[in-house]
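Let's walk through this model together, one element at a time. Keep the 3D view open as you read.

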Amino acid sequence: MKDPVCGMSVDEGSAAAAWEHEGTTYLFCSVGCMRRFRDDPEHFLSLGDDERHM
Ligand SMILES: [Zn+2]
C-alpha cells in the first residue's frame, strides 16, 4: 500500500511506522509521516480517496 502522507510505496516489511485509524491500519515510510497523519488523518485521506478501500 501507499504511505498516505508522502505517497511512497510501503509494505509491512519495509514500513517504519503504522497507525490504525477507523479500523484500517496505515503504513508509513517514516515515523515523521505517521505523526503527520496522526495529527490530521482526514486531511491526508481526502488527498487519495481511492487508497482507502484496499
Ligand atoms: Zn512517508
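What share of the 54 residues in the protein chain is buried? Buried residues come to 20%. Here a residue is buried if 20 or more other C-beta atoms lie within 10 Å of its own, exposed if 12 or fewer, and partly exposed in between, with C-beta atoms placed from the backbone.

A word on what you are viewing. This is a predicted model, in which local features need pLDDT of at least 70, side-chain atom pairs count only at pLDDT 80 or more, and totals for chains, interfaces and linings use all residues. Residue numbers start from 1 along each chain as its sequence is written. The pLDDT is the predictor's confidence in each residue, from 0 to 100. The protein chain averages 90, and 87% of the residues score at least 70. Confidence is highest in helix 1, at a mean of 98, and lowest in helix 2, at 91. Where pLDDT is low, the predicted coordinates should not be read in detail.

Now for the layout. The protein chain has 2 helices and 2 strands, and from the N terminus on they run β-β-α-α. Helices (H or I, at least four residues) and strands (E, at least two) are DSSP runs, numbered from the N terminus.

Start with the strands. Strand 1 (17–21) and strand 2 (24–28) pair in the antiparallel sense over 5 bridges; two strands pair if DSSP finds at least two bridges between them. Is E22 buried or exposed? E22 counts as exposed because it has 8 C-beta neighbours inside 10 Å.

Next, turn to helix 1, residues 31–39, where C33, M34 and F37 are buried. These three lie on the same side of helix 1, because they cover an arc of only 100° around the axis; the arc is that of the directions from the helix axis to the C-beta atoms. V31 and D39, on the other side of helix 1, are exposed.

What covers the buried residues of helix 1? The cover includes strand 1, strand 2 and helix 2 (41–47).

Finally, consider contacts, where two residues count if their C-beta atoms, placed from the backbone, lie within 7 Å. Among contacts in the protein chain between residues at least 6 apart in sequence, 33% join residues at least 24 apart.
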